[in-house]
Amino acid sequence: MDNVICDLEEQKEDVEEIIYKIYERKGTNFEDYKKSTIVRRIKKRMKMLELNYMYEYIDYINRFDDEIDTLHNEIFIGVTGFFRDFEAFNSLYDTLDQIYQNKELDESIRVWSAGCSTGEEAYSIAILILEYLEEKNLPINAKIFATDINDIALSKAQNGIYTQDQLIGVNKIRLKKYFDKKGQNYQVKKHIRNLIIFAKHNIISEAPFSKLDLISCRNVLIYLENMVQQKVFAAFGFSLKENGYLFLGTSESLGEMSKYFEAVNFKQKIFKRASIAETSPPHTYLSHFDHAMSHKLAEKSVDRAIGKIIEALQQEYIPKGVIINESYELIHSFGDVNDFIKIPTNRISLNILKMIRKDLAVLIGAAVTNLFVSGKSFRYENITQSNQDDKINLLVSVYVDELSNTRYGILLFEETKKVKHILETKKFKVEDNASDTINYLEEELRLTKENMQTLIEELRASNEELQSMNEELVLSNEELQHVNEELQSATEELCVVERNNKF
């Protein structure tokens, strides 16, 4: 642990940079997670990649984007299991009695499994509720929300398929009753899966569910910073009904929020919402990290928008084409060139003459040869295509990279078919447009004057109210002064009476 803390202090900036990269790519803010946990997961990845220094790992991330996906999934611990801590689930079964005491016969139970990972805990609670309802001969009416921020874990949870090793906590009776055999694995029966709604949700930053009878959040909060834990507990206090229950992991404690929950079974970490718990949604907050990230993501959003605009312009106005080298090998393509080039079957060759459509092969062969021999650019017009009514133009030009002294050929296929949409042509007249502009500005000025007048009247009214309040305060102060003088006089009289009594 000491080594991890030492590493964290020495490489704080590197760790923050990696957290930024995860946020940019995945949208998950690990700033709220304990940094010691983040560092351990990073160190594990570095060891697997045989990297010794953090800057080497950052360089690796810059070269291989998929590494962020791998690290993102590594950070999620995901340690779970069916009926994990058996005694705790037995105690939870007893708690169901308390929940149903305050319910109507047909009223549903609302449960939230927060940080459900691959779903074992959510299914365990569903089975427990079903067993209770069957024992008490009550109608099966339950709504269970199971959430996590890990897409991969949620996908596994929704499928509800588990290996035999993952079902160690499930006895033979439950296995037979609640699971179907699927090859070597087992799948949770459909009627149980239908009780649970799996959804992506961040308990730190997103609005919580409401009117819940039970929240189960086990072995999740231990990975969060203390301040963030308190925020989550406040959210849970808001989410639970009065006398709703909270089910935590064995290593978790309420800390400063213990005054908002009563211990029902402290050993098994089952708590009941106290009447003084939060009854309004907890305030959200933005850290310096959030502000910086919001700004950074805004810049990224602009970059993406510009990229899409450029792509749209290329598709609309720039011909489709390819770049080849002097060996006639395809180097790059832009636009959809599938109408002109086909990838050959069997043995792959990047030779443009083997990839070009047959009816264009002779023309392209002659054009490319002429290009590299003459070194000049030229254009072929109105080329007829087989099986197509539209004609194309072929633009051929050469580009010389002076640094490497290498020549490249550029082939552009210009389609002559009609433009998808005809743009309206307008004539610009200075007089007309100037007049429109002046009218627009005059209207803006008129509206601004009206708004200013309204504001002045509102300020005048506010000023009069403040003046009135000030006068009332002066009167109140005079009354208090008068009361104070009377109290002082009464005190003096009491002192005189006290002295007379002594004599």
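What percentage of the 503 residues in the chain is buried? Buried residues, meaning those under 20% relative accessible area with a 1.4 Å probe and protein chains only, make up 36% of the chain. The structure is a predicted model, in which local features need pLDDT of at least 70 and side-chain atom pairs count only at pLDDT 80 or more, while totals for chains, interfaces and linings use all residues. Residues are numbered from 1 along each chain as its sequence is written, and side-chain values use heavy atoms, with hydrogens and water left out.

The accessible surface of the chain, from the Shrake-Rupley method with a 1.4 Å probe, comes to about 31,900 Å². Carbon and sulfur atoms account for 51% of this surface. Contacts (heavy atoms within 4.5 Å) were considered between residues at least 6 apart in sequence, and 66% of them join residues at least 24 apart.

The chain contains 15 helices and 15 strands, taken as DSSP runs (H or I of at least four residues for helices, E of at least two for strands) and numbered from the N terminus. Seven of the strands form an open sheet with mixed pairing, in the order S6-S2-S1-S7-S8-S10-S9; two strands pair if DSSP finds at least two bridges between them. Strands S6 (196–200) and S9 (261–265) each have a single partner strand, so one side of each is left without a neighbour in the sheet. On average, neighbouring strands of this sheet are turned by 20° against each other, direction ignored. Within the sheet, S1 (residues 109–114) and S7 (residues 212–217) run parallel and are joined by three bridges. Val-111 stands opposite Leu-214 in S7.

Helix H6 (residues 86–101) lies across S1, S7, S8 (240–248), S9 and S10 (270–273), and runs at about 175° to S8. Such angles run from 0 to 180 degrees between N-to-C directions, and axes are lines fitted to C-alpha atoms, for helices over the stretch in contact.

The axes of helices H2 (residues 12–26) and H3 (residues 35–48) come within 11 Å and cross at roughly 85°. H2 and H3 are therefore roughly perpendicular to each other, a term covering angles of 65 to 115 degrees. Val-15, Glu-16, Ile-18 and Ile-19 of H2 meet Lys-35, Ile-38, Val-39 and Ile-42 of H3.

Elsewhere, S11 (residues 320–325) and S12 (residues 330–334) pair in the antiparallel sense over four bridges. Ile-324 stands opposite Leu-330 in S12. The two strands S11 and S12 form a hairpin with four residues between them, and Tyr-328 in the turn has a positive phi of about 70°.

Key
Buried < 20%, exposed > 50% of the residue type's maximum accessible area, 1.4 Å probe, protein only. Parallel < 35°, antiparallel > 145°, perpendicular 65-115°, else oblique.
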